[in-house]
Amino acid sequence: MLEKKTIDIDFSQVEAERMRVNMGPQHPSTHGVLRLEVELDGEIVTDVVPHIGYLHRCFEKTCENMTYPQVIPYIDRMDYISSMNNEWPYVMGMEKLMGIEVPERIEYIRVIMAELNRIANHQIAVATFGLDAGAFTPFLYLFRDREMILNLFEWASGGRLLYNYFWIGGLQRDVPPNFKETCLEIVKTVRKTNAEVMELLIGNKIFIERTANVGILPADVAINFGVTGPVLRGSGVPYDLRKVEPYSIYDRFDFDVIVGKGEMGTVGDCWDRNIVRMREMEESCKIIEQAVAQMPDEPKDVRLTVPKRVRPPKGEFYAKAENPKGELGFYIVSDGSAKPYRVRARATSFVNLSVLPVISKGYMIADLIMILGSLDIVLGEIDR
Amino acid sequence: MENNFLYNLFGNNVWFYLITIAIPLVFVLIYALIAILGELKIASWIQDRLGPMRTGWKGVLQPIAEVVKLIQKEDIIPANANKALFNLAPYIMFTGAFAAYAAIPFSSQFVPAHLNIGLFYIFAVGAFAIIGIVMGGWASNNKYSLLGAMRAVSQMVSYEIPIAFALLSIAALAGTLDLQDIIKQQEGGIWNWFIFGGNGSLIKILFIPFTISLFLVHFTSSLAETNRIPFDIPEGESEIVAGYHTEYSGMKFAMFFFAEYANMFTVSALVTICFFGGWQSPFGDFLNSPIMQSVWFVSKAMFFVFVQIWLRWTLPRLRVDQLMFVSWKVLTPVAFVCFIALSYWGLIK
Amino acid sequence: MEAKEIYEKLLSKFDDGILEFKEDKTIDPYIKIKAEILPDLCFELRDNEDFLFDYLINLTGMDYGKDLGVVYHLYSMKYKHRIVLKVDLNRENPVIPSVEMIWKTANWHEREAYDMFGIIFEGHPFLVRILTPYDWEGYPLRKDYVTPEYYHGIRVPY
């Protein structure tokens, strides 16, 4: 008779091994060269460690060797999707430091360009968000409309994605002849496509199931982490620099601040952040229509107030503006010479990404992709 | 065999067998080319663009270009992969997909193997694909492929249950598992198709909701069997970069590809046979010659292939646990209820 | 609340830690403080009902030529006022307490200041380099930084 062997396993001590998966720098969904080290317990994410720095181009060090106007093309390349908005806070800061008063027409053109760029940026954000979920078609619809905006930018400044358009004290060159009509056409097309995308993607039951109640970011956590932009507004905080501390001529326009209300899930989930972006496109359309109606036609020379030599007095200034992704700030320290002493770029995506480890614990790896997509980061800004 | 026109032509010798095997194989290959072209073009039209336009007239030679490209690619095998399983996996999957064609009747005169358990055979052979996927995922020595393979197994096994219920209901309704008999029972025009209750008195209108929901359950579960969006978690694409076939290149990848398209047709064919009359013409006896029958059958199946392609490019994909929820908590109970109703109908017919 | 008022209120509590208050046309008004009182001051700024500075907008490292320094930009969501804090640090031994437990924003900003300037933040849970590779040598944004010749066998300046 063989003796029956029994093996005693104390199942409370058996730990399923946690898998460390690397979503490496090259990955279709990480929106750039971002490396995420994900610790998985089956399919549940227990920890995420983002590793950045793959796109570090030493922007701040380079600026110390360039003259003030030469810095502007470098600023474009930070958040390469919304370059017009990038240039604006820097230019505003320099104008305040040097005491330059820019004519009204320039301000109107700047507002229109910035809002068009905001629409273009949100189109990409929503399109790639849908792509991460597996919906290929809205991506192409939105990109088709973005082409109209990029054509306008190419017509005006010579570049499709990187413009060097806002100069200290003015603009690089005047807007093309049919500018106002083209803007209104763009607004019309954007509204039509947005209605389509709302039906096709945002209202789709599968999409709602994928994004509602996923990646919930409470408002106090968001403020403590310094998050800005649609991510903060999606959590219910109505903080929009254009309304709270209006810069340039934003106090002349009538538009709403879109805030996430938790319509499909809880306040601060991925669906909220996404719907904030969709609705902000509509608000930008409103601003563009009003600006086009109010824009004066004189003076035609956009380089009227551009100084021949940019030599600001000794001082320091923190200039900020509402980028599509959040608040972009430039802390400029000048020592009286033609080159800046220190330019520090407070990048939106840098701060927005730091909140990722906190809001993705306990969700599945498919949700991690959606959360990352809803934060809308661009690695050029994070790494500078 | 008696009804097989090839048998009547050749008699019982080796040529008969060879040609019987060759016809479905040639059909699958030609169909795969058409399906690839269809997918590319339909996807482009849905996305408001033109798609391939340069190869041939308006791009019709694109699939040939794709096949040539895949054949001449370098065959890369990862260093630590399990070579035997890695090489075998795509062929097993293709075998599983292709074996089902043995029992599919293209017309009343041609079915390669007239099995009297045809329905059960097709369902059983469909499980081969799962083995192929798991082998491919595990042998690749890649965490992402393993993830994809594990997801695939859980998905495909859970979705077999609603399909089983659907096929059981059809078997109960028809009283037989033989595919040719199931189709023969749906003769007499469109009103006699099983989706409208099969031939019987007008009481069948009471059961039409059940047949239609059974059809929807079957079609949805078939989408999951073929790993198409909204159920294409195993292929992931945005998440785990092609899942179980991440590491495959060249001809082996082409085999996975072919197997997926072959599966699509099998599944559509099964749906047409069970619910839409197979090779029966919708006009009853009009246009019911054997050649027209195969035309009817292929067009109906191709329509469902088109629907599958259409869904892929419209909907986002479901997450793994939502997928399981849909299968176990939605489709299975609905299929069960329909099964009870339809067996009752089969009884009183 | 104006910057001057904030300065006066803080002076009454931390009068030995606060060094300077400067307000000018070309600069943002700032308060220069000593490194030691930084955590207490920041807790005060965040939690006191009059201030409620719950938002750390920016944390910058600075190289003033002779010394290093850290600059903090704070903002209050409720009262919508701003203030700038500056801390000067010795170049040989730039150690400063971390404010990471007060505002979580500081986590990555302080890592960047450490990476670029070599400023050590005491109490930071994970002070490693963030933008440059983990084994990079030198602190790039210092004014006396010399690019290394080789990094893992790759020639750096080209």
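Guide: Buried area is the accessible area (1.4 Å probe) that two parts lose on being put together, summed over both. This is a predicted model, in which local features need pLDDT of at least 70 and side-chain atom pairs pLDDT 80 or more, while totals for chains, interfaces and linings use all residues. Residues are numbered from 1 along each chain, chains are lettered from A in the order written, and side-chain values use heavy atoms, without hydrogens and water.

Visitor: How much area do chain B and chain A bury between them?
Guide: In contact (heavy atoms within 4.5 Å) are 24 residues of chain B and 31 residues of chain A. Carbon and sulfur atoms carry 59% of the buried area. The total is about 2,600 Å².

Visitor: Which residues meet in a salt bridge at 2.0 Å, N to O?
Guide: A salt bridge is a side-chain nitrogen of Lys or Arg within 4 Å of a carboxyl oxygen of Asp or Glu. The count between chain B and chain A is 2. The pair at 2.0 Å is Arg144(A) and Asp48(B).

Visitor: Which element gives the largest share of the side of chain B that touches chain A?
Guide: Helices here are DSSP runs (H or I, at least four residues), numbered from the N terminus. Two or more residues come from each of α7 (143-174) and α12 (320-348) of chain B. The largest share, 4 residues, is that of α7(B).

Visitor: Within what arc do the buried residues of α5(B) fall?
Guide: Buried (under 20% relative accessible area, 1.4 Å probe) in α5 (residues 118-125) of chain B are Gly118(B), Leu119(B), Ile122(B) and Val125(B). The arc is that of the directions from the helix axis to the C-beta atoms. The buried residues line one face of the helix, because they fall within an arc of 140°.

Note on methods. Buried < 20%, exposed > 50% of the residue type's maximum accessible area, 1.4 Å probe, protein only.
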